[in-house]
Amino acid sequence: MTATREPLAERLDKWSIRHPHAPVMRRLLGGPVFFWRLGLGRLVARLEIRHGHLVLLTVTGRSSGQPRHTPVTAHVLGSGTYLWCPYGDRAQWYRNLLANPVATVQSTAGPQVVRAVRIEDDAQAVELISELRRFDVTFLRSYLDTEGIADTPEDIATNRERLHLLRLEPAEEDGPPPLEADLVWLWLLPVAAVALRAARRFRGLGSRRG
């Protein structure tokens, strides 16, 4: 039986997991972008997050047409790779991806152009939700409650089209440009500092000997 759906405002008030609109929180969640810019992206992507892997998703802004970068968790189930947006339509990257489904994903395999498609099979949706329980059961239940979907295979299948689940498929089109490691030069700063300190020490030893 389908759960009774309350008005959106009431459901948002009850939801314990809010979309991170606060600037400080958004900066913290966007922290992995900085590591990618430092050239550490593939290292960060090796970290497993509760049966999921962090990847950098580049989408095209639906209004600006400019590339937008955001770290997301990719879930691998069988031979497929999936994205789940627990914040629903409030997340800008998800709305951009629906408007422009061709995106670029940066992972341990390097940059890949993909196309995001909706889940079209009830059994697949139920199986993916089961995988997300392993990822974060509390998060998942809050999400389902917010969407007014009962945590049962029957209701999940019935409301499959309302779930914010997308499958990533290889695409032959040109995707938005991946994020470049444009801050690699920062690694030269500590090297230069050490070299300068060593040079000063060397000069100091030379002057004392003289």
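This short talk walks through a predicted model, from strands to a helix to side-chain pairs.

Let's start with strand β2, residues 52-60. How many of the residues of β2 are buried? Eight of the nine. So β2 is largely enclosed by the rest of the structure.

Now look at the partners of β2. One is β3, which covers residues 67-77. β2 and β3 run antiparallel, and eight bridges join them. Here is one to find on your screen: Thr60 has Pro67 in β3 as its bridge partner.

Find Thr58. Its bridge partner in β5 is Thr104.

Stay with β3 for a moment. Thr73 lies in this strand. Is Thr73 buried or exposed? Its relative accessibility is 18%, so Thr73 counts as buried. The cut-off for buried is under 20%. What does Thr73 touch, leaving aside its neighbours within four places in sequence? The contacts are Gly52, His53, Leu54, Tyr82, Leu83 and Phe135. Keep Phe135 in mind. That name comes back later.

Next, a helix. Helix α5 spans residues 92-99. Which of its residues are buried? They are Trp93, Tyr94, Asn96 and Leu97. These four cover an arc of only 165° around the axis, which puts them on the same side of α5. Here is the background. An α-helix has 3.6 residues a turn, so residues three or four places apart point the same way.

On to salt bridges. How many are there in the whole structure? A search finds seven. I will show you three of them.

Take Arg115 and Glu173. Their closest N and O atoms are 2.4 Å apart. Arg115 lies in strand β6, and Glu173 lies in the loop between β7 and α8, so the pair ties together parts that are 58 residues apart in sequence. Arg115 counts as partly exposed, at 29% relative accessibility. Glu173 is also partly exposed, at 35%.

Now Arg141 and Asp151. Their side chains meet in a salt bridge at 4.0 Å, N to O. Arg141 sits in helix α6, residues 122-147. Asp151 sits in the loop between α6 and α7. The two are ten residues apart. Arg141 is exposed, with a relative accessible area of 52%. Asp151 counts as partly exposed, at 30%.

Is Arg167 buried or exposed? Buried, at 18% relative accessibility. Glu169 is partly exposed, at 30%. One more point on salt bridges: those that share partners join Arg133, Arg141 and Asp151 into one network.

Last topic: aromatic rings. The count comes to six aromatic pairs. Look at Phe34 and Phe35. Their ring centres are 6.3 Å apart. Their planes stand at 65°, so the pair is edge-to-face. Phe34 is partly exposed, with a relative accessible area of 40%. Phe35 is partly exposed too, at 39%.

Then look at Trp84 and Phe135. The ring centres are 6.5 Å apart and the planes are at 85°, so this pair is edge-to-face. Where do the two residues lie? Trp84 is in strand β4 and Phe135 is in helix α6, so the pair ties together parts that are 51 residues apart in sequence. Both Trp84 and Phe135 are buried.

Which residues form one aromatic cluster? Trp84, Tyr87, Phe135, Phe139 and Tyr143. Pick them out on the structure.

Let me recap. Arg115 and Glu173 form a salt bridge, and Trp84 and Phe135 belong to one aromatic cluster.

Technical notes: Residues are numbered from 1 along each chain as its sequence is written. This is a predicted model: local features need pLDDT of at least 70, side-chain atom pairs count only at pLDDT 80 or more; totals for chains, interfaces and linings use all residues. Side-chain values use heavy atoms; hydrogens and water are left out. Buried means under 20% relative accessible area, exposed over 50%, partly exposed in between (1.4 Å probe, protein chains only). The arc is that of the directions from the helix axis to the C-beta atoms. Contact means heavy atoms within 4.5 Å. Two strands pair if DSSP finds at least two bridges between them. Rings of Phe, Tyr and Trp (its six-membered ring) pair if their centres lie within 6.5 Å; planes under 30 degrees apart count as stacked, over 60 as edge-to-face and the rest as tilted.
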